[in-house]
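Hi,

Here is the structure I said I'd pass on.

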Amino acid sequence: MPMSQTHDQATSTNIQTEQRTLAVQCRGVIKEFGAGQARIRVLRGIDLDIYAGETTFLVGPSGCGKTTLISVIAGLLRPNEGTVSLYGEMTSQMRGGALVHFRAINLGFVFQQFNLLPALNAAENAAVPLVVQGMSLSKAVRKASELLERLEMGKHKNKYPNQLSGGQQQRIAIARALVHNPRLVICDEPTASLDAQTGHAVMEMLQELAGAPDRAVIVVTHDSRIYSFADRIATMSDGQITSVKTKQESQLTSDVNH
Ligand SMILES: Nc1ncnc2c1ncn2[C@@H]1O[C@H](COP(=O)(O)OP(=O)(O)OP(=O)(O)O)[C@@H](O)[C@H]1O
Ligand SMILES: [Mg+2]
């Protein structure tokens, strides 16, 4: 959707002149957990735009709500208030099967705890999104294996998650998020368990994907080794977005070094 139709603030201040595809639009997103006295408000009115063709980093202290926010963006959690649109479709209003279908086609998600299926081997785990879309298991496993090769996981593709290290499991989770070439890839700490070289390779793959004008990548991270891969950095604090800056703007104010 052209930005000029959706982003009043940017249009009125004339910051952006070109038209870019809005991959994610959050408006007034509130998320609470618990009930009664124990109720806590974890997202406290999030407004956020994320553009296709870019890798956006989401940074902020532990517990500020990053995982909660990306779970709401991905439709894994429903907001109490506010709206989330992905590529112009208001996913926060979608129900049941429609949301599951939309997610299966459009989204790849790398969980902070990987969430691999213990009964499936590496290649089968990475193949799940293709099987969900109706591809035969053998073809899906073949495609997933190609991606695992690129992540230097080829020799481990028949192993089960409990036979693999944290970094190896993380690479399966990354392959699973990319295998169906989704429009939006959301990664929660995708390099936390990886050495510098492998982390770099993973970020190169994500950047390649986000380089397409209709694809977007969101990366939650504390890993300063990969900041150079960000196009834009959204900073969160205590359930709110406190700034969104391009990498260049962030370097000027040195936010990116914290
Ligand atoms: N299902 C839940 N029930 C109750 N509280 C929750 C739930 N999920 C998260 N929280 C709380 O919400 C707050 C934000 O959690 P979240 O996981 O989003 O933080 P985070 O920014 O991802 O932190 P980290 O960097 O440590 O991963 C925390 O105080 C957490 O305890
Ligand atoms: Mg988290």
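Let's start with ligand 1. The residues around it are Phe-33, Gly-34, Val-42, Ser-62, Gly-63, Cys-64, Gly-65, Lys-66, Thr-67, Thr-68 and Gln-112, where "around" means that the C-beta atom, placed from the backbone, lies within 6 Å of the molecule. By class that shell has 3 nonpolar, 7 polar and 1 charged residues; here Ala, Val, Leu, Ile, Met, Phe, Trp, Tyr, Cys and Pro count as nonpolar, Asp, Glu, Lys and Arg as charged, and the others, Gly among them, as polar.

Before going on, some housekeeping: this is a predicted model, with local features needing pLDDT of at least 70 and side-chain atom pairs counting only at pLDDT 80 or more, while totals for chains, interfaces and linings use all residues. Residues are numbered from 1 along each chain as its sequence is written, and chains are lettered from A and ligands numbered from 1 in the order in which they are written.

Helix H2 (residues 66–73) gives the largest share of the ligand 1 shell, with 3 residues. Helices (H or I, at least four residues) and strands (E, at least two) are DSSP runs, numbered from the N terminus. H2 is largely enclosed by the rest of the structure, because 7 of its 8 residues are buried: Lys-66, Thr-67, Thr-68, Leu-69, Ile-70, Val-72 and Ile-73. Buried means 20 or more other C-beta atoms within 10 Å of the residue's own, exposed means 12 or fewer, and partly exposed is in between, with C-beta atoms placed from the backbone. Just after H2, Gly-75 has a positive phi of about 80°.

Next, the sheet. It is open and mixed, with 6 strands in the order S6-S7-S8-S3-S9-S10; two strands pair if DSSP finds at least two bridges between them. S6 (107–110) and S10 (240–246) are at the edges with a single partner strand each, so one side of each has no neighbour in the sheet. From one strand to the next, the twist averages 15°. Within the sheet, S3 (residues 55–59) and S8 (residues 216–220) are parallel, with 4 bridges, and Phe-57 sits opposite Val-219 in S8.

Helix H6 (residues 166–178) lies across S6 and S7 (184–188), at about 170° to S6. Axes are lines fitted to C-alpha atoms, for helices over the stretch in contact, and angles run from 0 to 180 degrees between N-to-C directions.

What about the core? The largest nonpolar one has 66 residues, and Ala-126, Ala-144, Ala-175 and Ile-186 have the most contacts inside it. Such a core is a set of buried Ala, Val, Leu, Ile, Met, Phe, Trp, Tyr and Cys residues joined through C-beta atoms within 7 Å. H6 gives the most to this core, 6 residues. Leaving aside neighbours within four places in sequence, Ile-186 is in contact (C-beta atoms, placed from the backbone, within 7 Å) with Ile-70, Ile-73, Ala-74, Leu-107, Phe-109 and Ile-218.

Elsewhere, S1 (residues 22–33) runs antiparallel to S4 (residues 81–86), joined by 5 bridges, with Val-24 partnering Leu-86. S4 also forms a hairpin with S5, with 2 residues between them and a positive phi of about 50° at Tyr-87 in the turn.

Asp-238 is in the loop between S9 (232–237) and S10.

Cheers

Methods
Two residues are in contact if their C-beta atoms, placed from the backbone, lie within 7 Å.
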